Amino acid sequence: PPGVVIDTLITEGPLSRAVVAVAEATDADLVVLTAHGNTGEDHVSISEQLLERCSRPVMVLHEPAVERRTPRFAGGAPDRDIVVVPTDLLPGSRSAVQLGLDLARALPIDLHLLHLIPDGLLRRARGAASDKARVRMKAMVPEDLGDRVTLQVELGDAAEGILRAADVLGAACIVMGEHTRTPVRRWFSRDTSRAILHQARCPVWYVPAAHAA
C-alpha cells in the first residue's frame, strides 16, 4: 500500500528466538504471525514460545479454515467490526483496554468489554461483584466513546467465557492484556492464554503491560 515501507531480513536459528531478536532490534510496534500448530524443540508451539519471550505486542492469526472473520479495519464496510477486550479490572489488563479504546478512535470498530466472575464466588456475593465490576468498567470508557462500547459481566471460567463471547458476537479480534507473575511472565494464566490462542476463531492481539498508554 502507498506509504508503507517494507523491509526484508533473512536470519537463522530457532524461529521464536529469531523473531524476538528481530522485533527487539527493530523496535517493532507489533509482531504478527500465523498459528499453524508448529512446535519447537521442546514441543511447545512457536506462538506460545514467542509470547513467553517477546516484550512486544503480538497478534496471532489462524489459518483461513479456522477464522470465521478477520479484521477489516477499514472504512467503507457496511457495518463495524466488533473487538472483544477481556478485563479482570487489574493493572495487567489496562493496556489492552487502552489499546481497544485507541483502536475505536482510529478505526470503524465497536468494543465489547468483558469481565468474568469466578464460579467459586458465593451466590450472595455475585450480585454485588457484578454491580461493582460494571461501575469500574463504565469508568474506563471515555465520554466520546460511550456509544461505541458495550459492557458484559458473566459468571464462569475466563477462557470459556472469552471464547463464547467472541463466537456469539462474531468478533473480528480479541485483545488481551498481560498478567505479570513471578518468576515467569504470563498472559493471563497459562491455561487461559493457551485456550484462547489455540481455540479462538479470530485473531488474538496480546498486549504487554509495558505498552500501556
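Which residues is L30 in contact with, leaving aside its neighbours within four places in sequence? They are P57, V58, M59 and W205. The model described here is predicted. The protein has 6 helices and 7 strands, and buried residues make up 43% of its 213 residues.

**Overall layout**

- Read from the N terminus, the elements follow the order α-β-α-β-β-α-β-α-β-α-β-α-β.
- Of the contacts between residues at least 6 apart in sequence, 74% join residues at least 24 apart.

**Helix 1 and helix 2**

- Helix 1 covers residues 15-25 and helix 2 covers residues 46-53; their axes come within 9 Å and cross at roughly 40°.
- The crossing of helix 1 past helix 2 is right-handed.
- On the helix 1 side, the contact is made by L15, S16, R17, V19 and V20.
- On the helix 2 side, the contact residues are I46, Q49, L50 and R53.
- The buried residues of helix 1 are S16, A18, V20 and A23.
- Strand 1 (31-35) is included in what covers the buried residues of helix 1, as is helix 2.

**The loop between helix 1 and strand 1**

- D27 is found in this loop, just after helix 1.
- The phi angle of D27 is near 55°, a positive value in a residue other than glycine.
- D27 has a relative accessible area of 48%, so D27 is partly exposed; the cut-off for exposed is over 50%.
- L30 lies in the loop between helix 1 and strand 1 as well.
- L30 counts as partly exposed because its relative accessibility is 30%, and buried would require under 20%.
- L30 and V58 are 28 residues apart in sequence, with their C-alpha atoms 5.7 Å apart in space.

- L89 is found in the loop between strand 3 and helix 3.
- L89 has a phi near 70°, a positive value in a residue other than glycine.
- With a relative accessible area of 8%, L89 is buried.
- Helix 3 (residues 94-106) consists of 13 residues and reaches 19 Å from its first C-alpha to its last; this is close to the 18 Å expected at 1.5 Å a residue.
- The buried residues of helix 3 are S95, A96, V97, L99, G100, L101, L103 and A104.
- An α-helix has 3.6 residues a turn, so residues three or four places apart point the same way.

**Nonpolar cores**

- The largest nonpolar core has 29 residues, and V58, I174, I196 and Y206 have the most contacts inside it.
- Helix 5 (residues 158-169) gives the most to this core, with 5 residues.
- Another core, of 24 residues, lies apart from the largest one; V83, L111, V153 and C173 are among its members.
- Leaving aside neighbours within four places in sequence, I196 is in contact with A159, I162, L163, I174, M176, V204 and Y206.
- In soluble globular proteins, nonpolar side chains tend to be buried together.

**T192 in helix 6**

- T192 lies in helix 6, which runs over residues 190-199.
- T192 counts as buried because its relative accessibility is 9%, against a cut-off of under 20%.
- Beyond neighbours within four places in sequence, T192 is in contact with A158, A159 and M176.
- A159 and M176 are contacts of T192 and also of I196.

**E67 in the loop between strand 2 and strand 3**

- E67 is found in the loop that joins strand 2 (58-62) and strand 3 (81-86).
- The relative accessibility of E67 is 10%, so E67 counts as buried.
- E67 and A200 are 133 residues apart along the chain, and 7.8 Å separates their C-alpha atoms.
- Leaving aside neighbours within four places in sequence, E67 is in contact with L61, H62, R201, C202 and P203.

Technical notes
Residues are numbered from 1 along each chain as its sequence is written. This is a predicted model: local features need pLDDT of at least 70, side-chain atom pairs count only at pLDDT 80 or more; totals for chains, interfaces and linings use all residues. Side-chain values use heavy atoms; hydrogens and water are left out. Helices (H or I, at least four residues) and strands (E, at least two) are DSSP runs, numbered from the N terminus. The expected span of a helix is 1.5 Å times one less than its number of residues. Buried means under 20% relative accessible area, exposed over 50%, partly exposed in between (1.4 Å probe, protein chains only). Contact means heavy atoms within 4.5 Å. A nonpolar core is a set of buried Ala, Val, Leu, Ile, Met, Phe, Trp, Tyr and Cys residues joined through side-chain atoms within 4.5 Å. Axes are lines fitted to C-alpha atoms, for helices over the stretch in contact, and angles run from 0 to 180 degrees between N-to-C directions. A crossing is left-handed if the near helix is turned anticlockwise from the far one by less than a right angle, and right-handed if clockwise.
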